[in-house]
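Please look over this model with me. My notes follow as numbered points.

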Amino acid sequence: MAKPSLYLDVCTLCRPFDDQNMMRIRLETKSYFLIMRAVRDDVYRMVYSPVHVVEIAAIRNVLERTELLEIVHSTDEKYLLDSISLRQRANELTKRSMGVADAAHVAFAEASADYFISCDDRLIKQCQRETMNVTVMTPVEFCERENLK
């Protein structure tokens, strides 16, 4: 049986670098680490896209940028996806007021993952208004659903 695949957007990958004074951020950070441990334990597989690389390359903090690039490049998941259909889906989502990068993340997640995990409330709400081919949730919701401890 194939392991479930996870697509974590960049805001989720960046959570450990955010100001941990807010309870929500601490919970999402803890959830992120639980998810990453499960990925390392081979319970799930993590996928990434070229959108990750572009967004992460723009991060000014060298330590954060280096660590995140190492995380996304550590996955062996390579997908031969139809770039035309990905672009069409991303364009469709941008016409529905989703940002370009968000639309690209969602299109790739739909084509390659079982779960799209984000800390971005606005993006999650936009996804909930659409018919998605991927389950969209926060890191905390994912950990609760999968009983990660």
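**Notes on the cores, the sheet and the aromatic pairs**

1. Leaving aside residues up to four places away in sequence, Ile-35 touches Leu-6, Leu-8, Ile-117, Pro-139, Phe-142, Cys-143 and Leu-148. Contact here means heavy atoms within 4.5 Å.

2. A word on the basis. This is a predicted model: local features need pLDDT of at least 70, side-chain atom pairs count only at pLDDT 80 or more, and totals for chains, interfaces and linings use all residues. Numbering starts from 1 along each chain as its sequence is written, and side-chain values use heavy atoms, with hydrogens and water left out.

3. The largest nonpolar core has 25 residues. Such a core is a set of buried Ala, Val, Leu, Ile, Met, Phe, Trp, Tyr and Cys residues joined through side-chain atoms within 4.5 Å. Buried means under 20% relative accessible area, exposed over 50%, partly exposed in between (1.4 Å probe, protein chains only). Leu-6, Leu-8, Leu-13, Ile-35, Phe-142 and Leu-148 have the most contacts inside this core. Strand 1, helix 1 (10-13), helix 2 (23-40), helix 4 (62-73), strand 3 and helix 8 (139-146) each supply at least two of its residues. Helix 2 gives the most, with six residues. Helices (H or I, at least four residues) and strands (E, at least two) are DSSP runs, numbered from the N terminus.

4. Four strands form an open, parallel sheet in the order 2-1-3-4. Two strands pair if DSSP finds at least two bridges between them. Strand 2 (45-47) and strand 4 (135-137) are at the edges with a single partner strand each, so one side of each has no neighbour in the sheet. Strand 1 and strand 2 share three bridges. Tyr-7 has Val-47 as its bridge partner in strand 2.

5. The search of the whole structure finds five aromatic pairs. Rings of Phe, Tyr and Trp (its six-membered ring) pair if their centres lie within 6.5 Å; planes under 30 degrees apart are stacked, over 60 edge-to-face, the rest tilted. Tyr-7 and Phe-108 have ring centres 5.8 Å apart and planes at 40°, so this pair is tilted. Tyr-7 is in strand 1 (residues 5-8) and Phe-108 in helix 6 (residues 100-112), so the pair ties together parts 101 residues apart in sequence. Tyr-7 is buried at 0% relative accessible area, and Phe-108 is buried at 10%.
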